[in-house]
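The sequence and the structure come first.

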Amino acid sequence: MARYKFEGRDRKGKKSGIVSALSKREAMLQLREKGIKVMEINEVPETLLTKEITFGGSVKLQDFVIYLRQFSTLLKAGITVVDATAILAEQTESKSLRKALIVVEQDLREGNPLSAAAAKHRKVFTSMFVNMVRAGEASGSMDETLERLAVHFEKQHFTKQKIISALTYPIAIAIIAVIVVIFLLVSIVPTFVDMFKDFGGELPAITQFVLNASNFMQKYWWFISLLMIAFAAGIIAARNNKASKYYLDYFLLRIPIFGKILQKAALARMTRTLSSLFSSSVPILQAIAIVEGVIENEVIAKVLQKSRSSLEEGQSLTMPMKAHWVFPPLVTQMIAIGEETGSLDAMLSKVADFYEKEVESATDRLKSLIEPIMIVFLAGIVGTIVTSIMVPMFEIFNHVQ
């Protein structure tokens, strides 16, 4: 939110001060509502003390879906694109989206098309949105295009949430297991060390192993902490670098059980996006280039890049796909049929429906299986440490008797 310094008049005389607003127009409206006639208004440059702290300008997927649904409804009701944008800018709960829509509205009032105005806000409006809106403007079916986009993002959000819910539980249990193990090794096990020393004799192998682990943890806890931080930083750096992200995505796709789910989710995302773009009459080469940027999987993006080159050379779209393990025969065969019959958007939509259902059923099965497995895993770790303490304790007790 920007700050604006103004000078003006009201019934009592001259007025001056600073007002906060998302745009100059909104600032003037605020002052007008207070009965102030603005004579001069200028934006105050931001400083380190006045700059608003934000964590990225992207919009939550559910907020964007609501925006698309409401936009489509307003257009179907006969409201103009400009007025609909103004209405949605006022009622959306997303600050990033509101800020972008206020600027978009100003561009629309100056005679710019929605696609050109939205293209200036890449953090809010993706290239897919911009290109589909451009196609909708050309065909005169903006309301249908927005409805199609809403359905697309809803399905994408649902699939993404399924993947997150499937991965959250094992990750949470693993973190709890690490915390419990560290606590036991650092706080509980050392209290028994002196007792075992007084006991003398040879300790059981399991006890000796746990004591050695406890000593190592107490001496090198800082090294383990640094190692974990370095690992997390390495993952983040690998995801932000295109070259290393390819190998990270390749590794994730090859993980047993989880890899298959991630592969199906990525294929569902790819086919759903391509289907939506083709349905909106976006040119095929441009559509594939867009999907390369939004697929969020470098392994599939590399194959799509080869498929685009294959099309440019006058060959089939599916030729590079058939040669790569990440694309099952179902995908390549359905795309090939779509190419031959001229119904590529419909075939891709069917493939997307199939894989979205596969992801849903696979994640449901995984959650039902992984819960008891992770409980047994956690119990096994804690049980091993407890056993390593109890075994020599029993021997001490028997020795005393």
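## Basis of the model

This is a predicted model, in which local features need pLDDT of at least 70 and side-chain atom pairs count only at pLDDT 80 or more, whereas totals for chains, interfaces and linings use all residues. Residues are numbered from 1 along each chain as its sequence is written, and side-chain values use heavy atoms, with hydrogens and water left out.

## Positive phi in two loops

Most residues other than glycine have a negative phi. Isoleucine 257 has a positive phi, near 70 degrees, and sits in the loop between helix H10 (242-254) and helix H11 (258-279); helices here are DSSP runs of H or I with at least four residues, numbered from the N terminus. With a relative accessible area of 56%, isoleucine 257 is exposed (exposed means over 50% relative accessible area, with a 1.4 Å probe and protein chains only).

Serine 281 also has a positive phi, near 65 degrees, and belongs to the loop between H11 and helix H12 (284-294). Its relative accessible area of 61% makes serine 281 exposed.

## The second largest cavity

Two cavities of 30 Å³ or more are present in the structure, where a cavity is a set of points, on a 1 Å grid over the protein atoms alone, at which a 1.4 Å probe fits but cannot get out.

Helix H7 (142-188) and H11 each contribute at least two of the lining residues. By class, the lining has seven nonpolar residues, no polar and no charged ones (nonpolar: Ala, Val, Leu, Ile, Met, Phe, Trp, Tyr, Cys and Pro; charged: Asp, Glu, Lys and Arg; polar: the others, Gly among them).

## The largest pocket

A pocket is an open set of points with protein on both sides within 12 Å along at least five of seven lines, and the largest one has a volume of about 1,200 Å³. Of its 37 lining residues, Ile163, Leu167, Arg239, Leu252 and Leu262 are the closest to the centre.

At least two lining residues come from each of H7, helix H9 (205-240), H10 and H11, and H7 gives the most, with 14 residues. The lining of this pocket divides into 22 nonpolar, six polar and nine charged residues.

Key: Buried < 20%, exposed > 50% of the residue type's maximum accessible area, 1.4 Å probe, protein only. 1 Å grid on protein atoms, 1.4 Å probe; cavity = no way out; pocket = protein on both sides within 12 Å on 5 of 7 lines; lining within 4 Å. Points joined across faces, edges and corners; volume = space filled by probe spheres on them.
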